[in-house]
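Have a look at the picture first, then read the points in order.

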Amino acid sequence: MPEIPVFDYDSVLAAVSPAEAIDAVRNGFVQFASGEWAMPPKLYLDVPNGDFRAMPAKGGGLAILKWVTSFPGNPASGLPVVMGVVCVSSSDDGEPLGLVDARAVTALRTGAVAAIAAQELAREDARNVGIIGCGVYGAWAARCLAAAEYGPGVCFDPDPDAAGALAGELGWEAGSREEALEQDVVTCVTPGHEPVVHAPELRPGVHLNMLGADGPGKAEAEVEAVVRCRLFCDEWAQASHGGELTGAVAAGVVDRERVTELGDVLTGRAPGRESAEEMTLFDSTGLAIQDLAICQAVMHAHRQGAARAQTVRL
């Protein structure tokens with residue numbers, strides 16, 4: 001067995017810039033929507049304090065399996081909520097090609113999809129950003145939106161230090177939840193235990209990126225708020241069962257006909273926003289093809305000598 005490169009958290013983030021992540025994930029959506037890339041359903045393995053997720057995908061000469069966790073109580077003991085590894089193999093002969101830190105991959109693809117959704121679904125003149133939730137993934141959403149030339153923005157988090165740190169890094173402002181909701185592109189990255197977007201707070205022309213609800217029982221917006229918007233998602237099968245749309249689907253007020261997948265917008269099979277007054281909502285549940293896109297970028301950077309890696313021999 002040859003030596004296999006191992007890319008840790010810092011190596012991944014050094015190898016792939018936010019702008020490169022946006023380009024890679026955009027291509028992944030197009031390839032998936034065109035049938036060139038494949039992605040079986042995500043599998044969950046529940047345990048008392050969290051869950052494990054197995055996420056396979058193939059495309060572009062690679063096959064991956066992302067083995068990643070969600071343990072919400074981990075920060076109390078000094079551990080990240082999300083940890084794991086992405087195994088990268090050749091889809092031609094099965095040769096293992098790399099092991100990639102899943103937390104960094106998740107950060108980049110989460111941020112990238114927020115920027116892509118804004119580019120496709122927000123008003124053409126939209127610039128200002130509201131970030132609700134300034135943890136690891138909210139911060140990367142903000143960085144990718146900034147890389148896509150959105151901003152300035154308002155950052156809100158229950159922890160004012162987190163909001164202040166992110167605002168200081170980007171030259172934006174820390175503010176209230178209500179001030180964040182007044183911006184053109186509102187991106188929510190909270191645990192999803194309770195709504196942070198309420199129907200009376202919606203304004204004509206707003207675009208909402210909902211990134212935090214990644215499992216059954218989670219929601220960042222009231223069902224009434226969801227129903228009032230034009231709806232988009234990364235993939236219907238996941239979004240209807242474990243994303244922001246799940247509550248509205250379960251209540252019988254949203255069905256498949258009302259929801260457009262982002263890949264269909266990117267490939268021109270479906271329209272995006274159709275008027276400046278529309279309120280659009282994008283539900284991101286996190287797809288393995290997005291992880292594949294980031295891993296493809298990491299492996300390319302490594303071939304070009306632009307990605308540091310340790311090696312292991314199995």
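1. Start with Trp67: its relative accessibility is 37%, so this residue counts as partly exposed. Keep in mind that you're looking at a predicted model.

2. With Phe52 and Phe71, Trp67 makes up one aromatic cluster. How many aromatic pairs does the count come to? The answer is 2.

3. One of them is Phe52 with Trp67: the ring centres sit 5.3 Å apart and the planes meet at 15°, and since planes under 30 degrees apart count as stacked, so does this pair. Phe52 belongs to strand 3 (residues 50–59) and Trp67 to strand 4 (residues 62–70). The two are 15 residues apart, and the pair links distant parts of the chain.

4. Then there's Phe52 with Phe71. Here the centres are 5.6 Å apart and the planes stand at 80°, so the pair is edge-to-face. Phe52 is in strand 3, while Phe71 is in the loop between strand 4 and strand 5 (84–90), so this pair ties together parts 19 residues apart in sequence.

5. Phe71, at 16%, counts as buried, because the cut-off for buried is under 20%.

6. Now zoom out to the protein chain. You'll find 11 helices and 15 strands in it. Of its 314 residues, 53% count as buried.

7. What about overall dimensions? The C-alpha atoms fill a box of roughly 60 × 40 × 40 Å along the principal axes. The radius of gyration is 19 Å, which agrees with the value near 20 Å that a compact globule of 314 residues would have.

8. Contacts are worth a look too. Taking those in the protein chain with a separation of 6 or more, 67% are between residues 24 or more positions apart.

9. Last, the surface and the charges. The chain carries 22 positive and 43 negative charges, and their mean positions are 3 Å apart.

How values were computed:
Residues are numbered from 1 along each chain as its sequence is written. This is a predicted model: local features need pLDDT of at least 70, side-chain atom pairs count only at pLDDT 80 or more; totals for chains, interfaces and linings use all residues. Side-chain values use heavy atoms; hydrogens and water are left out. Helices (H or I, at least four residues) and strands (E, at least two) are DSSP runs, numbered from the N terminus. The radius of gyration is taken over C-alpha atoms; the globule rule is 2.2 Å times the number of residues to the power 0.38. Buried means under 20% relative accessible area, exposed over 50%, partly exposed in between (1.4 Å probe, protein chains only). Contact means heavy atoms within 4.5 Å. Lys and Arg count as positive and Asp and Glu as negative; His and the chain ends are not counted. The place of a charge is taken as NZ of Lys, CZ of Arg, CG of Asp or CD of Glu. Rings of Phe, Tyr and Trp (its six-membered ring) pair if their centres lie within 6.5 Å; planes under 30 degrees apart count as stacked, over 60 as edge-to-face and the rest as tilted.
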